[in-house]
Each structure stands twice: as C-alpha cells, then as structure tokens.
Amino acid sequence: MTRPLRLVVVSAGLSQPSSTRLLADQLADATTSALAERGAGVELTVVELREHAHALADHLLTGFASGALADAVAAVGAADALVVVTPVFSASYSGLFKTFFDVLEPNLLEGTPVLLAATAGTARHSLVLEHALRPLFSYLRAVTVPTAVFAATDDFGAGGQPGEDGLPGRVRRAAGELAALAAGAPAAPRRTAALPAPDEEFGEVIPFDQLLRR
Amino acid sequence: MQIGIFSVGDVTPDPTTGRTPTEHERIKATVAIARKAEEVGLDVFATGEHHNPPFVSSNPTATLAYIGAKTEKIVLSTATTLITTTDPVLIAEDYAKIQHLTDGRVDLMMGRGNTGPVYPWFGKDIRKGIELAVENYALLHRLWREDVVNWSGSYRTPLQGYTSTPRPLDGVPPFVWHGSIRSPEIAEQAAYYGDGFFHNHIFWPASHTRQMVALYRRRFEHYGHGSADQAIVGLGGQFFMRRNSQDAVNEFRPYFDNAPVYGHGPSMEDFTSQTPLTVGSPQQVLERTLGFRDYVGHYQRQLFLVDHAGLPLKTVLEQLDLLGEILPDLRAGMAEGRPAHVPDAPTHGSLVAAAGGAHDGTVHAVDDVTGHRAEEIA
C-alpha cells in the first residue's frame, strides 16, 4: 500500500474568518476529492501564516525558523502537492505571503506541484496570479498548474451550477490539474539533491576529493 | 579544554548613552580585552576579520602580533580568517611570522565572510565562496608543508618555485580550525584534513549545531583521523552575567534589543530559549555552558562573544572578571566524564611532540651542503 499524498495548504488571510481561508478550504476539499478519484489517500496540513507572523519577522532578522514556523517550513518542504492562497494587497501578494516564501531554502520547492490562488475585493485584480504569483513560483522552480484560481467577493455568491464557468468550476478544474500532477506522473525526478530525512538538515555529503576537483 | 573569547571588532553605539566609540578607542579596547582575558586565566583570544565599517578588525595579524607582544601565555587565534578573499600566500607568510614572534602561540580559524561587496573589492565572487575556500586552503596547506611549491589553480596566479617564508616554527604549521554555520562542505573540508571544526553556535538553535558537528565527526572518522568522538570541535557562546540574574536581564536588555545582528527581532526571552545566549547569574552561565556537551559531545574549545552590541569596555572587563570566577568550575565540569581517549585541542607544543620533536625548517637560498638552490632540489 502506498502512503497517502501530503497535501499542504498555505493560506495568508488575516481576518477571522477570512475569504482567503475559505477559498483555501474549497481547494483543499476539491483536491482531496480529485485524488480520491485516482485512488490516492491524502494527508492534509493547513499552514495559516497569520499564526507565524511574528516568527517570520524574527526569521528575517535572525536567519532561523523558530518553533511552529520550523514545523510549517518542514511540512511545505515535504509536500507532494501545495495549494497557496494570498489576499491581494496593493496590487500584489501580501507581504506576509511573500515573507514566508522568502525564508525558504532556495531549492525547497523544486519540482513541487503548486496550485496558485488569490482573493480580492474585485475581479480587477485577477491577473495578480499571472504577473506576481506565477513568476515567483517559477523562480522557486515549483511546477505550477495551468489553472490559477481567483476569487473576488462576488464570486462567493455566483456560478454554483454544474457547467457554469463560475468559481466552483475553476476550483474543480485547478484541483483536477493538481491531483493529476501529484498522483499521475511516476515519481518525476524531483529536486537535484536527495532530501535529508526529517531530523537531518544535511543530505548526501559531497566527498572532499570531488570538491577539490571542481 | 580551552576556554576563551572571540571578538568581531564592531564599532557600535552604546544604546544607553548614544555614544559611539572612536576607531582608536575600539582598537585599544580590543587589546585591553585580550590582556584581561589572559589575566583572568582564559586560554584563547580570537579576533575577527572585516574590511568595512563599522568594524576595526581589518589587518588582524597586526592586532595579534601586538597582543602577542603584550601577553605571555594566551593562544592567539582568528574568528575568522577570510580564506576566500585573502591571498593564501599572504596567510602562509603572516601566520608563520606570528608563530615565530609569539613562540607558537597562534592558530587560525578559516571562514568565508558573508559581506557581498568585500569579494569584488578583493577581486573575487561571493558565489564562488566554497570553491575559493577549498582551493585557497589546499594551497595554504601545501605552502606550510612543502619548502618549494609549484602550483596552479583557478583563483590566483600560478606559483613556480615559490617558498613561503618564514617556514613554520619548529617545522610545525599552526593548527587550523574551519568555521561554518551552515555549509556542510566546510565540515567536510575540516574532516578531510583532520583539522578542527568550529561552529559559531550563537545565532542558531542547538539542533542545527548538533547536526553540523555530528556531520563533521562522522566524516572525521571516515577519513581515518580517529574515532568520531576524537574529532576537534569548537563552539561559540554568548552570555551576560551579573551576580543577581535580574540585574543581568535589566542591564543587558537595551543592548540585546538594539544589537546589530538580532536586535528589533525576537524578545530576549525567546532568543535565550532558542539559542545558547544566557543572560543571568554566573551559576546560570556555568550550567548552560556545561550543557552544550549534551548535544555536541565532549569538545575542545569554547569561545565566548563578550565585546559587542555597544557594551562599554568597563562592562566587558567586568564580564571577564566574572568569567574568571567561574572558570575553575567550568574546567572541572568539562573534565567530568570526559573519556581519556578524547584529545585536548592541539597546541604548538602538542603538535611538535606529535611530530617527534622540533626541527628548524629554515630554507636557505643555496643549500650550504650540496651547493644547490632550493628551487633546483624540489
């Protein structure tokens, strides 16, 4: 029996309750269903960045992740599939959202399938997914799914009918794409170096005679 | 077990008065701190190396030579020597010279330096930091062990028939430590040569230090220098103490809150629980320090950072007095349970003994027995 796939959802909403978290939950549910249809089990972890706001500011100054933030980073690093959701602030992802991805090790998301999503008050911000989030995750060498999901406030009250191209339809399509990437491809060569075990920061050592020959 | 201090050499305003010392004051203070370290019985004084404000620690060899002339016993070291941007040929000459001047009271710790612009100022590229550290140290290692070196590499001009002078004192090069916070390649380098490995320790959680040291120990054994628990390990540490722990907390807080490295970030309470920083009574510092062995094993060198964040010289000297007071207990505690096969940190004396005694390595331009020049008999 294969292990359940690790689905990790990163939500950068600030209010309680938050529409960002609402969209994150819909994407998590839809991805879990899509994976179930493919016969894959899911182990879901939700990272609420609000809870790590202080630790993230500290990390910028000290260079290390403390406590629960270290656990969140480890979960994201071990994810088989990632859903990331940010509110739009000043025409881009929120600072809190960016800070989390700023403190990750450069190769941590290499090859990880990622579904991009954002929320805002109006649909005028929808291209933030393409001009801000997608380049960020390309830089991180993650594999973004083609459909990114944007939800304006209005979207939460529209398009529920099957066949209608509203929010639920986009959520299903994006989740299906993420599930296909996470469960479909037979262990694509992810990451250039072997990932260390959870208790090991350092994976394979490069023997010194190789370092000398470089 | 060697216990000492290391200084970064920062010129930082005292946040309680707003006053910034002059470079002259800071340079003289560094000498006063080193002399005090010897006076209270510490084993090692190490200076950093920086080439930009707000630091006064450029030209560390002048500082060490001067301190060497003003002291009798204390071992002089670096924390760190920039093996990336400093020509290894100059390092070979400079530190061999200090060896002779101080009768062997010197060793070095190699580091890469993390200030971006320093690299181009010295004609180097920070993205090649590891490669520079590997190649430059490989050359330095040869310069101290081979009388005539023919060499070519990627990062400096080739050498043909080069003899680094003076030759190391008594035919024994200074012992070398390699310092790195987070690069496994440097732990691997230290292990490969059987050199010491030093972990800065003070800015990161203990779990990280434990893993870096464990990696070094494992690879030290792999390369056949001894068992893992015989590898030569050094750690940084950081404290502020007063007889009454609450006085220490109150007095140090403004310095912590405004410290250049971690200031305006985590609270002092969070930082002391997450890292080895101890702010409290001498007894608390003693107990915390003895606890470092729990995650790195028995080790060889403990260096503390005491002169930073704008602390006035008077306060730093008081810290050294307090450290001197707990020193006997610290030594006794470190000796407790220490297996006989765990070595002490190498010194000039122990290295000479291991080499079967001192021999003068002087290279004469013309061999006075054969009449050959040194280059010809290489």
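Predicted model: local features only at pLDDT ≥ 70, side-chain atom pairs only at ≥ 80, totals over all residues.
## Helix α1 of chain B and its two partners

Residues are numbered from 1 along each chain as its sequence is written, and chains are lettered from A and ligands numbered from 1 in the order in which they are written.

The packing angle between α1(B) and helix α2 (residues 60-70) of chain B is about 45°, and their axes are 10 Å apart. Axes here are lines fitted to C-alpha atoms, for helices over the stretch in contact, with angles from 0 to 180 degrees between N-to-C directions. Helices (H or I, at least four residues) and strands (E, at least two) are DSSP runs, numbered from the N terminus. The crossing of α1(B) with α2(B) is right-handed, meaning that the near helix is turned clockwise from the far one by less than a right angle. On the α1(B) side the contact involves Thr30(B), Val31(B), Ala34(B) and Arg35(B), and on the α2(B) side Thr63(B), Tyr66(B), Ile67(B) and Lys70(B); residues are in contact if their C-beta atoms, placed from the backbone, lie within 7 Å. Four of these residues are nonpolar, two polar and two charged. In this classification Ala, Val, Leu, Ile, Met, Phe, Trp, Tyr, Cys and Pro are nonpolar, Asp, Glu, Lys and Arg are charged, and the others, Gly among them, are polar.

Helix α1 (residues 23-39) of chain B also meets helix α12 (residues 313-335) of chain B, where the axes come within 10 Å and cross at roughly 15°. These two helices are therefore roughly parallel to each other, and their crossing is right-handed. Ala29(B), Ala32(B), Ile33(B), Lys36(B) and Ala37(B) of α1(B) form the contact with Leu313(B), Val316(B), Leu317(B) and Leu320(B) of α12(B). Eight residues of this contact are nonpolar, none is polar and one is charged.

## The contact between the chains

Chain B contributes 21 residues to the contact and chain A contributes 16 residues. On the chain B side, α5 (129-143), α6 (184-193), α7 (206-222) and α9 (268-274) each supply at least two residues. The largest share, five residues, comes from α6(B). The side of chain B that touches chain A comprises 10 nonpolar, six polar and five charged residues.

Trp204(B) lies in the loop between β9 (196-199) and α7 of chain B. Trp204(B) counts as buried because it has 20 C-beta neighbours inside 10 Å; the cut-offs are 20 or more other C-beta atoms within 10 Å for buried, 12 or fewer for exposed, and in between for partly exposed. Leaving aside residues up to four places away in sequence, Trp204(B) touches Phe64(A), Ile181(B), Thr209(B) and Thr275(B).

## Chain A

Chain A has seven helices and seven strands, arranged from the N terminus as β-α-β-α-α-β-β-α-β-α-β-β-α-α. Of its 214 residues, 39% count as buried. Among contacts in chain A between residues at least 6 apart in sequence, 73% join residues at least 24 apart.

In helix α2 (residues 53-62) of chain A the buried residues are Ala55(A), Asp58(A), His59(A) and Thr62(A). They lie on the same side of α2(A), because they cover an arc of only 105° around the axis, the arc being that of the directions from the helix axis to the C-beta atoms. Helix α3 (67-77) of chain A is included in what covers these buried residues. Gly63(A), which follows α2(A), has a positive phi near 90°.

## Backbone exceptions

Most residues other than glycine have a negative phi, and most peptide bonds are trans. In chain A, Ser90(A) has a positive phi of about 45°; Ser90(A) lies in the loop between β3 (81-89) and β4 (92-93) and is exposed, with 7 other C-beta atoms within 10 Å. In chain B, Asn59(B) has a positive phi near 50°. Asn59(B) is placed in the loop between β2 and α2 of chain B and counts as partly exposed, with 13 C-beta neighbours inside 10 Å.

Pro54(B) is also found in the loop between β2 (44-47) and α2 of chain B, and the peptide bond from Pro53(B) to Pro54(B) is cis, with omega near 10°. Another cis peptide bond runs from Thr165(B) to Pro166(B), with omega near -5°. Pro166(B) is in the loop between β7 (159-162) and β8 (176-179) of chain B.

Key:
Parallel < 35°, antiparallel > 145°, perpendicular 65-115°, else oblique. Contact = placed C-beta atoms within 7 Å.
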